[in-house]
Structure formats: C-alpha cells, structure tokens
Amino acid sequence: MLNNNDIEKDMRYLQLLSNSFPTVAAAATEIINLSAILHLPKSTEHFLADIHGEHQAFLHVLKNASGNIKRKVNEIFGNTLREADTKEICTLIYYPEQKLEIIKSKEEDLNDWYHITLHQLVAVLRDVCSKYTRSKVQKSLPAEFSYIIQELLHERTEDNNKTAYVNGIIDSIIATQRADNFIIAICNVIQRLSIDQLHILGDIFDRGPGAHIIMDTLKNYHSWDIQWGNHDILWMGATAGNKACICHVIRICLRYANLTTLEEGYGINLVPLATFAMEHYKDDPCTGFEPILLDGSATPLDEKQKRLTAMMHKAISVIQFKEEAMLFHKYPTWNMENRDIISTVDTEKNICLIDGKEYTMQHATFPTGITLTEEEDLLMSRLRHSFLVSEKLQKHIREILSHGCMYAICNGNLLFHASVPLNEDGSLKDVEMIPGKWYKGKDLLHNIGMLVRSAFQQDSDPKVREYARDYFLYLWCGKDSPLFDKSKMSTFERYFIADKATHKEEKGNYFKLREREDVIDGIMDSFGLTGTNRHIINGHVPVHVASGENPIKANGKLMVIDGGFSVPYHKETGIAGYTLVYHSRGFQLVQHEPFTSTEDAVVRGTDIKSTIQIIEMANRRMLVADTDKGKELRQQIADLNKLLYAYRHGYIKERESKDAFTKGK
C-alpha cells in the first residue's frame with residue numbers, strides 16, 4: 001500500500017518519469033500494456049558456443065533458427081505439403097534472394113506461385129509473431145512494407161468479409177512487381193523473430209576462415225551477448241598490442257593454413273613475416289610446422305605455398321616462445337617462469353629442460369638463436385602496428401567488449417565460456433589476479449572483465465593499462481585462468497619433443513569435479529542464483545558424443561554445449577555442434593550434423609540435419625512474468641503506480657503532451 005513517505009522519497013525519479021508519462025491516462029495505459037505483456041509466452045533464447053570462424057554453418061543456424069523454422073512449417077501445414085514443398089518454402093525463408101532467382105528461372109506460372117507462396121509465408125510469420133506484442137512486431141518490420149504486412153497478419157481469408165480484401169492486397173503486390181521485395185522482407189522478419197535473444201558462450205575466432213564475417217553479422221544483429229572465450233581473449237590481446245598474443249594469433253592461422261581472416265578480413269600485413277622467414281628459414285626443414293589442411297575449410301596450397309607457410313609458421317612460433325618468456329619473467333606472481341623452455345635449449349646437444357628434467361628434442365634448429373634478436377623485435381613492432389591500425393579489427397573487438405564480459409546471468413542460467421577455478425575439494429579457489437590482490441568466483445570473473453576493459457581505455461592509469469595488456473597472455477595460457485584452467489599449454493613440447501608424456505595438459509579441478517551436483521550448486525550459490533530451475537551453461541571443451549559422452553552433467557544442472565562446431569573437431573566429437581534452445585516449454589538441445597555449403601542449401605535444399613534432445617520441460621508454459629524481463633516490468637509497473645498516486649494526490653501536476661500514448665515493449 002502506497003503512502004506519502006514512499007512518494008516523497010522518490011520525487012526526483014517520479015518527476016523524471018512524468019516526462020515520459022505526463023498524464024494519468026498515459027501512465028495508466030502503460031500499466032495496462034506492461035501487465036498484458038507479463039502474460040505472453042516466454043520468448044526463445046538460443047545458446048551457441050565455440051563457433052571458431054565457421055561462418056557458413058553459423059549463418060545457416062541463424063537463418064533456420066536451429067531447425068525451429070522447419071518445425072514450425074511442419075506444424076502449420078502438416079500433411080498438406082509434400083516434403084519437397086516443405087523443403088522449398090524453408091529454403092526460401094533461409095535464402096530468399098538466391099532462391100527466388102532459381103524459382104523464377106524454372107517456374108512456368110509465376111503469378112500462381114506468388115499467390116500460394118505469399119499466403120504460406122504470411123501464415124508462418126503469423127505463427128512466429130504470436131509470442132510478441134504488436135508493438136514489438138511492428139518495430140521489426142521494414143518501413144516500406146510495414147502497413148501491408150500488419151494488415152495481412154491481422155486479417156485472414158477465413159473471414160468471408162475480408163477474403164476479397166486480403167486477396168486484393170496480394171494481387172496488388174504482384175501487379176506492382178513488388179512480390180520479390182515483399183517475399184524477401186517477410187523471410188527476413190521470420191528469421192528475425194524466430195530467435196529473440198542469441199547468447200554466444202565464447203570463441204568466435206581461430207581455425208575457421210570467417211570470424212570477420214561472423215562479427216559483421218553480429219554487428220547488425222538485433223539482440224546478442226557474448227561471454228568471452230579464450231580465443232576471443234587472445235584476439236583481444238593482439239588487438240590491444242600484446243606481442244605474445246599477436247604471435248599466437250598468427251601461429252594458429254598459419255597452422256591451419258587459414259590467413260583469410262587476418263589478411264582479407266582485417267588487412268593484417270604478413271609480407272614482413274614472409275620476407276623474414278624466407279631469409280632466415282630457407283635452409284631449415286621446418287619439420288613439424290607443415291600446415292594442417294582441413295577438408296572443405298582451407299584453400300588448396302601448392303608445394304611452394306606449403307613450404308612458405310611452414311617457414312612463416314616456425315618463424316613466428318620461435319618468436320612467440322621468446323616473447324612469452326619475457327612476460328613470464330616480468331611477472332613472477334604468475335608462477336609461469338618454468339614455461340620459459342626456449343632459454344634452456346642446447347642446440348649442440350639437441351636437448352632442453354622441462355621442470356628441471358632433460359629431454360631430447362626431435363629437431364633443435366633455431367636459425368635466429370634462442371633469444372630475441374633486434375631484427376625479430378623490429379618485425380614484431382611492424383606486426384603490432386598492423387594490428388593496432390586495423391580499423392575493422394578494432395571495431396569488431398569494441399563490439400565484443402560492448403556486448404559481453406566474462407560471465408552473464410540470464411533467466412536463472414549462469415553463462416561462462418570455460419570454468420570457475422576450484423580447489424580440490426570443490427570450493428572456490430583464490431587467484432592472485434593482480435600482484436597482491438586475490439579474488440575468487442564471481443569477484444574473480446568480474447574483476448578480470450574490468451581489467452580487460454582498462455586495456456582499451458585511453459584514460460586508464462598507464463601502469464594498469466600496461467598490466468592489463470600483458471595479462472591477456474595469462475588469460476590465454478595461465479594455470480588459474482578461468483578461460484584456460486589447465487596445468488600448462490604444451491605448445492613447445494608438441495612442436496619439438498617426441499615424448500608424448502610432456503604433451504599432457506592436466507585439466508583443472510572444475511573439469512574434474514563438474515559431474516558433482518554439490519559442486520555445481522556451490523558455484524551457482526556463490527553467483528547468487530536461487531530457485532530450483534537454475535543451470536550453468538558453458539562450452540570450451542568439446543563433448544565426445546561419438547564416445548558416448550553426455551553433454552548434460554550434474555543431474556541436469558550443467559549443460560556443456562561445445563559439440564565441435566569447428567571442422568577440426570568433427571572427427572573428435574562425431575557431430576558438428578550444438579544449439580541449446582530455451583523457449584516457453586523448456587530446454588531442447590539441438591545436435592547438428594556437418595553443414596555442406598550455402599550453394600547446396602540454395603540449389604538442392606539441403607539443410608543441417610539436427611537431432612533434438614529434450615533436456616528439461618516445464619510443467620506449465622513459461623510466461624514473460626517468469627523471466628528477468630518480467631521482474632523488470634513488474635518494477636516498472638510499481639513505479640508507474642507511484643506516479644499515478646503522485647498525480648492523484650497533487651504531488652505532481654498533469655500536463656498536456658503530444659506524445660501521450662502507450663510506449664509498448
């Protein structure tokens with residue numbers, strides 16, 4: 001029950017609120033509107049992880065809403081459409097421009113096809129719109145067709161009084177030669193409204209050829225967030241000017257013979273590296289540095305290109321080990337000085353030391369020695385400059401910064417990419433993030449996020465900014481980094497030492513204990529998640545589906561959704577990625593098979609074959625009232641009720657407004 005004290009305490013806020021709702025009528029109308037929204041079904045969220053530059057598969061998943069659009073088409077039309085017709089309309093929705101060209105070249109009665117197809121598309125759009133207010137749908141419509149689409153959505157041919165009216169609209173669209181544009185517009189709106197919120201649980205970058213294309217898509221996407229992954233952090237570090245991170249980025253691209261993102265996407269100039277490698281590594285066999293060519297994901301290389309790639313690969317790897325070593329010694333609190341292996345190399349004896357133990361190397365040829373040369377330092381300065389002045393790369397990293405952080409909590413779900421550092425008993429582990437400052441759990445992830453941002457803020461303290469820039473390397477490969485959480489990153493050993501025991505990277509306690517329900521409960525408690533319907537959702541470690549591993553762990557409280565989106569993981573996981581879908585009925589895990597190509601999808605109507613696993617279904621349909629948005633709306637309703645009280649008791653005077661209408665959500 002409101003009283004005068006409540007109003008007087010909030011007067012400054014209520015005065016501001018009255019600017020948007022200047023009358024009793026305006027405030028009351030908005031209360032009615034918001035109260036109605038609370039009773040709409042919960043909108044659909046999609047969760048993806050570890051995309052790794054596979055832009056074609058990623059774009060197709062967005063276009064088909066992880067198979068949700070095809071399911072809706074089947075539900076709407078049932079047995080009234082043949083399988084071939086279902087495939088045609090779905091492909092049209094996914095790729096309207098390309099599919100229209102094919103249809104127009106072979107369709108004998110185009111006007112008849114337009115009539116049938118327009119009615120079908122409107123039916124699909126009507127179903128997709130059913131979870132949203134008219135206001136939200138209207139905001140999603142292209143301006144040139146907004147009025148027409150709204151009329152078709154809300155008038156039906158089943159109403160005898162409106163049959164001629166609806167058919168007249170369709171006839172006019174065709175007669176004015178606007179049918180193609182109209183179809184494209186409707187298909188885009190169907191795609192847009194099929195996914196209300198997209199959550200990316202890290203790792204947009206590396207391995208695949210199209211991270212820049214993915215980022216261009218996300219830049220214009222209606223609603224998305226990201227929980228940074230270790231590969232995202234690596235690229236962020238490179239963009240901030242961390243030389244060791246730059247080396248890692250280039251090395252990984254060369255390892256998979258994938259320079260498209262670097263050179264074509266971001267204009268990074270690798271000519272200085274190629275020139276350096278040809279001069280210093282021309283007589284080095286570069287054994288073990290040959291590029292890995294992935295089926296269907298890499299441009300074929302001739303022998304000369306393979307040789308140059310191997311030389312560049314080894315040259316940047318050797319520089320990487322030297323650059324890393326300097327940072328490991330610069331920050332002894334990282335406890336990573338033992339990872340400076342290159343300085344222990346004896347090229348004459350062909351040995352090195354790892355944790356004080358002597359190992360024979362497969363090949364110990366280092367044409368530029370084991371310490372950074374002036375020429376290598378100059379090369380790194382030129383490469384660093386190229387990253388710093390890449391306008392597109394800088395913009396994309398700003399997008400990642402503005403849309404994400406280390407973790408998120410959304411509708412009872414805790415989202416992060418990899419782990420939360422734990423002790424052996426499952427309790428949260430204290431980590432010395434900044435020398436002398438220790439954090440754990442939620443505080444650790446929050447403060448890492450703040451430190452990362454300071455690396456890109458010009459007004460940051462210079463010392464803080466320098467440490468933030470250097471700390472990207474620890475986040476990439478540090479033992480207690482929540483994005484890595486392993487005993488070591490054995491890159492040096494894998495390149496140079498045959499003994500596979502040295503290659504082993506022992507996983508941290510989070511990965512050892514994540515099957516335990518009490519451990520997962522403890523993490524969720526520490527992050528403030530309450531209630532029975534709560535979960536952790538993360539990626540990072542591919543789920544070995546082919547070996548029988550279950551992505552659902554800890555009695556359903558942890559969902560690991562890295563199913564191997566990236567081509568290199570397909571053989572390892574046996575599938576080609578997951579999408580976790582959270583709609584008003586509950587959770588569904590969509591398991592994808594490999595995507596062939598956009599051309600196959602358009603010409604032959606091939607789709608990603610998906611298997612749906614029902615994870616958790618609600619005993620009743622969830623409404624907006626059950627979500628975080630519902631909490632927000634209830635608070636707005638409470639504030640508006642205070643405003644009504646203030647108007648009716650004379651605390652604030654009503655005033656006329658030209659914009660006194662419901663705001664809509």
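**A mixed sheet and aromatic contacts in a predicted model**

In strand β13, M559 is the bridge partner of I537. Strands here are DSSP E runs of at least two residues, helices are H or I runs of at least four, and both are numbered from the N terminus. The structure is a predicted model, in which local features need pLDDT of at least 70 and side-chain atom pairs count only at pLDDT 80 or more, while totals for chains, interfaces and linings use all residues. Residues are numbered from 1 along each chain as its sequence is written, and side-chain values use heavy atoms, with hydrogens and water left out.

The pLDDT is the predictor's confidence in each residue, from 0 to 100. Its mean over the protein is 91. A value of 70 or more is reached by 95% of the residues. Over residues 660–664, pLDDT stays under 50. For that stretch the model has 14 contacts (heavy atoms within 4.5 Å) beyond four places in sequence.

Strands β11 and β13 run parallel and are joined by three bridges. Two strands pair if DSSP finds at least two bridges between them. Both belong to an open sheet of five strands, ordered β7-β8-β11-β13-β12, with mixed pairing. The edge strands, β7 (407–410) and β12 (552–553), each pair on one side only. Strand β8 (residues 413–416) runs parallel to β11 (residues 535–538), again with three bridges. Here N413 stands opposite H535, and L414 has I536 as its bridge partner.

Both faces of β11 are covered. H535 and I537 are buried on one side, I536 and N538 on the other. Buried means under 20% relative accessible area, exposed over 50%, and partly exposed in between (1.4 Å probe, protein chains only). Helix α25 (residues 517–526) lies across β8, β11 and β13 (558–560), at about 95° to β11. Axes are lines fitted to C-alpha atoms, for helices over the stretch in contact, and angles run from 0 to 180 degrees between N-to-C directions.

The whole structure holds 22 aromatic pairs. Rings of Phe, Tyr and Trp (its six-membered ring) pair if their centres lie within 6.5 Å; planes under 30 degrees apart count as stacked, over 60 as edge-to-face and the rest as tilted. W334 and Y471 are edge-to-face, because their ring planes stand at 65°, with centres 6.3 Å apart. W334 lies in the loop between α18 (303–330) and β4 (351–354), and Y471 in helix α22 (residues 462–477), so the pair ties together parts 137 residues apart in sequence. Both W334 and Y471 are buried.
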